[in-house]
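Please look over the sequence and the model shown here.

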Amino acid sequence: MRAWVDEIPEAELDSHYAKAVADLDDHDLSMLAAWHASLEVGHPIANKEFLVNVFPSLGENRREALKIAAGFRGEEAFDAGVTEEQSLEMVLPFLSDARCRELARECVELYCWDRLGSEN
C-alpha cells in the first residue's frame, strides 16, 4: 500500500484519501483522528467529513495520512479474505518499474533476514 501511495500523482491524493476514509469503520476513524491530533491541526473529530475536509491542510503529511487510511482498508480486506497475491495484483500495475524493483529488493532482504535469523 505504501508504495502505491508514493506513486499517486499529487493532484489525485485528495480523491484517493476520500475513497479510503469513506470505507473506514468508527474504530479506524478514531485512530486516524488521533494521528491527525498529533499534527496539531485543530481538534480532530473521528468523522469522515471532517477528516476529508482537513486533508488539504496536512501539507507534506498528506501522503502519510493516505498511507494510514489505506492501511486500515488493507487490514479490513485481509480480514475479509483478500489474499496477499490478490492485493499485489491490484497494486503492482500502478507502480513504476523502478518502484517494483525497489520493493522486490526489500522483499528479498526481509526474506533473508527472516531465514538467516536475527537477534529479534
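The report below starts with the whole chain and then turns to single sites.

## Overall fold

This is a predicted model. The protein chain has 7 helices and 0 strands. Along the sequence the pattern reads α-α-α-α-α-α-α.

The protein chain has 120 residues, and 28% of them are buried. Take the contacts between residues at least 6 apart in sequence: 65% of them join residues at least 24 apart.

## The nonpolar core

In soluble globular proteins, nonpolar side chains tend to be buried together. Here the largest nonpolar core holds 24 residues. Trp-4, Tyr-17, Val-21, Leu-24, Leu-32, Leu-66 and Ala-69 have the most contacts inside this core. Helix 1 (2-7), helix 2, helix 3 (26-38) and helix 5 (62-79) each bring at least two residues to this core. Helix 5 gives the most, with 6 residues.

Which residues does Trp-4 contact, leaving aside its neighbours within four places in sequence? They are His-16, Ala-70, Val-91, Phe-94 and Leu-95. Ser-96 sits in the loop between helix 6 (84-91) and helix 7. Ser-96 and Trp-4 are 92 residues apart along the chain, yet their C-alpha atoms are separated by 9.4 Å. Ser-96 counts as partly exposed, because its relative accessibility is 29%.

## Helix 2 and its buried face

Helix 2 spans residues 13-22. Its buried residues are Leu-13, His-16, Tyr-17, Ala-20 and Val-21. Viewed down the axis of helix 2, the buried residues fall within an arc of 130 degrees, so they line one face of the helix. An α-helix has 3.6 residues a turn, so residues three or four places apart point the same way.

Val-52, found in helix 4, touches Tyr-17, Ala-18 and Val-21, not counting residues up to four places away in sequence. Val-52 and Ala-18 are 34 residues apart in sequence, but 5.8 Å apart in space, C-alpha to C-alpha. Is Val-52 buried or partly exposed? It counts as partly exposed, because its relative accessibility is 28%.

## One aromatic pair

How many aromatic pairs does a search of the whole structure find? It finds 1. Tyr-17 and Phe-55 form this pair, and the pair is stacked. The rings lie 4.1 Å centre to centre, with 15 degrees between the planes. The angle is under 30 degrees, so the pair counts as stacked.

The pair links distant parts of the chain. Tyr-17 belongs to helix 2, while Phe-55 lies in the loop between helix 4 (48-54) and helix 5. They are 38 residues apart. Both Tyr-17 and Phe-55 are buried.

Arg-99 lies in helix 7 (residues 97-116). Arg-99 is buried, because its relative accessible area of 14% is under the 20% limit. Not counting residues up to four places away in sequence, Arg-99 touches Arg-2, Ala-3, Asp-6 and Glu-7.

Asp-28 is part of helix 3. With 7% relative accessibility, Asp-28 also counts as buried. Asp-28 and Ala-46 are 18 residues apart in sequence and 8.6 Å apart in space, C-alpha to C-alpha.

## The loop between helix 3 and helix 4

Ile-45 lies in the loop between helix 3 and helix 4. Its relative accessible area is 45%, so Ile-45 is partly exposed. Apart from residues up to four places away in sequence, Ile-45 touches Ala-33, Phe-50 and Leu-51. Ile-45 and Ala-33 are 12 residues apart in sequence and 6.0 Å apart in space, C-alpha to C-alpha.

## Cysteines

A disulfide is a covalent bond between the sulfur atoms of two cysteines. A search of the whole structure finds 0 disulfides. Cys-100 counts as partly exposed at 25% relative accessibility. Cys-112 is partly exposed too, with a relative accessible area of 34%.

Terms used:
Residues are numbered from 1 along each chain as its sequence is written. This is a predicted model: local features need pLDDT of at least 70, side-chain atom pairs count only at pLDDT 80 or more; totals for chains, interfaces and linings use all residues. Side-chain values use heavy atoms; hydrogens and water are left out. Buried means under 20% relative accessible area, exposed over 50%, partly exposed in between (1.4 Å probe, protein chains only). Helices (H or I, at least four residues) and strands (E, at least two) are DSSP runs, numbered from the N terminus. The arc is that of the directions from the helix axis to the C-beta atoms. Contact means heavy atoms within 4.5 Å. A nonpolar core is a set of buried Ala, Val, Leu, Ile, Met, Phe, Trp, Tyr and Cys residues joined through side-chain atoms within 4.5 Å. Rings of Phe, Tyr and Trp (its six-membered ring) pair if their centres lie within 6.5 Å; planes under 30 degrees apart count as stacked, over 60 as edge-to-face and the rest as tilted. A disulfide is a pair of cysteine sulfur atoms within 2.5 Å.
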